[in-house]
Amino acid sequence: MDALATLINLLGDQDKKDFKAFMRKKNKRHDVKNILLFELLNTDDINGLEKLLKKTKSRDSYHALRKRLHDNLLLFLSQKTFESNNSQASEVTRLIVVSRFLLENDVDKTAFKCLVKAEQIATKLEQYNLLNDILLLKINYAHSEASENLEDLTTRFMVNQQHMQREAKLNLAYAFLRQEMREVNLKGKVVNLAALMLGTIRKYQIAVKDLMNYKSIYQILFIANEYAAIHQDYSFIERYIQRIQHFIQGKKKADESHLFYQLHVLYFLANFHLRNRSFDKSAEYLSEMKNQMEQHRFHESQFYPRHQLLSALNLYFTGRGGEGTAVLMKALEMTTKKTKQEDIEDLRICLTMFLSLQDDRSCLRHLALFQHTDQWYEKKMGMLWTIRKNLMEVLVHAQFGHIELAVSRLSSFKRRYSGFLTETHEERVLHFASLVEKYFNKPDIVFNPVFQKTAVDLLKNKEHADIFHICFISWLIAKWEKKSAYQIVLQHLSSRHTSENI
């Protein structure tokens with residue numbers, strides 16, 4: 001999807017009406033075609049676009065028309081966002097703008113009252129860049145009779161500069177770690193996360209105390225989540241979790257400026273506990289996340305798909321497969337053009353997995369909806385996600401009798417990903433794929449005791465303790481157990497939970 005179509009998809013029905021009204025006021029001539037182009041793109045009218053292209057004098061004129069529409073959309077969105085944003089940070093920005101106007105027109109007393117209010121809010125929100133603008137404006141007009149003491153202003157300004165420097169270093173460290181995780185995810189780069197994070201903290205001279213705020217915790221958990229997802233090991237960060245939980249409990253309810261990060265933190269904690277099979281603890285964080293979303297609707301649409309995904313997984317792996325499947329179906333029905341494609345793909349792959357594990361043929365219909373190329377999925381969803389999708393595709397086709405197609409897909413899978421899996425020391429995936437291949441070549445091999453022991457040992461192996469690994473291996477075990485793979489999954493999780501509690 002191009003940038004212009006992406007911007008149009010951000011608009012709701014009322015927004016689109018408002019934009020056309022905005023354009024009518026802005027147009028100085030009646031023969032401009034920007035509104036027509038907007039309507040054609042909005043309705044995806046390919047024939048109409050071709051006719052419009054022919055009517056324009058040249059292709060360059062057509063692209064110039066698209067660029068003007070693109071620029072006007074950005075202008076409209078910026079004005080709309082500023083006008084409709086009732087957050088406290090936006091209030092501070094408005095106060096700064098009006099204060100500057102009043103000071104330029106010698107209304108100093110009222111201006112400084114506005115700046116005092118703006119500074120109080122910005123300090124509470126820890127909005128250091130806004131505080132910098134406020135303090136600089138006060139300093140610039142320190143000669144005014146309404147101004148504060150210059151020494152006090154200077155002290156606050158210098159302290160705020162330190163806060164800004166600290167925040168800048170944290171952002172640089174986060175950007176560096178994100179870049180490294182991208183190399184790991186897309187190119188199979190091998191790193192030690194603990195050593196990488198420690199080295200990054202030293203490189204940017206970050207104090208440990210600076211890491212204990214909602215934004216920094218969000219950034220740490222994001223990196224840890226990426227790393228854990230790649231290596232399918234969520235247990236290695238357990239020592240961090242208790243400290244983070246202690247921080248959250250010691251904090252009062254997060255204010256509006258921290259809410260975005262708090263919701264992310266709750267989501268990551270719920271995910272970590274889910275992947276470590278602490279389903280009750282995961283459900284607690286999801287419940288808190290839901291409460292926060294209901295109280296602050298501004299972030300609800302953004303976090304709703306992720307919340308529903310984890311809720312469905314919790315239900316599914318605690319024996320309520322029907323409820324979990326229903327949650328995913330409803331979440332997919334609730335998606336809109338504004339829903340991130342990554343969230344839709346996550347919901348869809350889980351629904352396909354749920355249905356296939358329960359021998360429901362409708363999973364084939366959902367599998368057919370994955371229509372992008374592997375390259376697209378690798379870039380958008382990551383290598384691990386794409387590998388899991390491709391392997392699931394192989395198993396589903398085999399499950400419902402499409403053996404030739406399954407064999408072909410498995411062959412393609414090995415050609416494309418064997419090198420990557422070997423480089424990243426993920427031979428266990430190739431080991432599982434080889435067992436599947438043996439089954440394809442000789443289906444009766446599943447009744448061979450040696451084959452069965454090999455598959456069961458995979459399930460018992462600590463490296464395969466991740467819930468998604470359990471699902472894949474259970475598919476193979478179900479072939480001789482004469483049960484659904486879902487029953488094998490629940491049976492294994494139940495027995496593992498019992499053994500861990502003894």
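The dialogue that follows asks how some of the descriptions of this predicted model are reached.

Visitor: What does the protein consist of in terms of helices and strands, and how much of the protein counts as buried?

Guide: In this predicted model, the protein has 25 helices and zero strands, and of its 502 residues, 48% count as buried. Among contacts between residues at least 6 apart in sequence, 64% join residues at least 24 apart.

Visitor: Why is helix H6 called roughly antiparallel to helix H7?

Guide: Helix H6, residues 88–104, and helix H7, residues 108–125, pack at an angle of about 155°, and their axes are 9 Å apart. Angles over 145 degrees count as roughly antiparallel, and that makes H6 roughly antiparallel to H7. The crossing of these two helices, H6 and H7, is left-handed. On the side of H6 the contact includes Val92, Leu95 and Leu102, while on the side of H7 Phe112, Leu115 and Ile121 are among the residues that take part. By class, the contact of H6 with H7 has 14 nonpolar, three polar and four charged residues.

Visitor: What makes H15 roughly antiparallel to H16?

Guide: The angle between helix H15 (residues 300–316) and helix H16 (residues 321–333) is about 165°, with the axes 7 Å apart. The term roughly antiparallel is used for angles over 145 degrees, and therefore H15 is roughly antiparallel to H16. Here H15 passes H16 in a left-handed crossing, and the residues in contact include Tyr304, Leu309 and Tyr316 of H15 together with Gly321, Val327 and Leu328 of H16. Sorted by class, the contact of H15 with H16 has eight nonpolar, four polar and two charged residues.

Visitor: How do you know that Asp466 and Arg275 meet in a salt bridge?

Guide: The N to O distance between the side chains of Asp466 and Arg275 is 3.0 Å, and a salt bridge calls for a side-chain nitrogen of Lys or Arg within 4 Å of a carboxyl oxygen of Asp or Glu, so the pair qualifies. This pair links distant parts of the chain, for Asp466 is in the loop between helix H23 (449–460) and helix H24 (467–481), whereas Arg275 is in helix H13 (residues 256–275), 191 residues apart. Asp466 and Arg275 are buried. The structure holds 18 salt bridges, and Glu119, Lys138, Glu148 and Arg156 are linked in a network of such bridges.

Visitor: What makes Glu345 and Arg348 a salt bridge, and why do Glu345 and Arg348 count as buried or exposed?

Guide: The closest N and O atoms of Glu345 and Arg348 are 3.9 Å apart, and the cut-off is 4 Å, so the pair forms a salt bridge. Both residues, Glu345 and Arg348, lie in helix H17 (residues 341–357), three residues apart, which is about one turn of the helix. Buried means under 20% relative accessible area; because Glu345 has 1% relative accessibility, Glu345 counts as buried, and because Arg348 has 16%, Arg348 counts as buried too.

Terms used
Residues are numbered from 1 along each chain as its sequence is written. This is a predicted model: local features need pLDDT of at least 70, side-chain atom pairs count only at pLDDT 80 or more; totals for chains, interfaces and linings use all residues. Side-chain values use heavy atoms; hydrogens and water are left out. Axes are lines fitted to C-alpha atoms, for helices over the stretch in contact, and angles run from 0 to 180 degrees between N-to-C directions. Helices (H or I, at least four residues) and strands (E, at least two) are DSSP runs, numbered from the N terminus. Angles under 35 degrees count as roughly parallel, over 145 as roughly antiparallel, 65 to 115 as roughly perpendicular and the rest as oblique. A crossing is left-handed if the near helix is turned anticlockwise from the far one by less than a right angle, and right-handed if clockwise. Contact means heavy atoms within 4.5 Å. Ala, Val, Leu, Ile, Met, Phe, Trp, Tyr, Cys and Pro count as nonpolar, Asp, Glu, Lys and Arg as charged, and the others, Gly among them, as polar. Buried means under 20% relative accessible area, exposed over 50%, partly exposed in between (1.4 Å probe, protein chains only).
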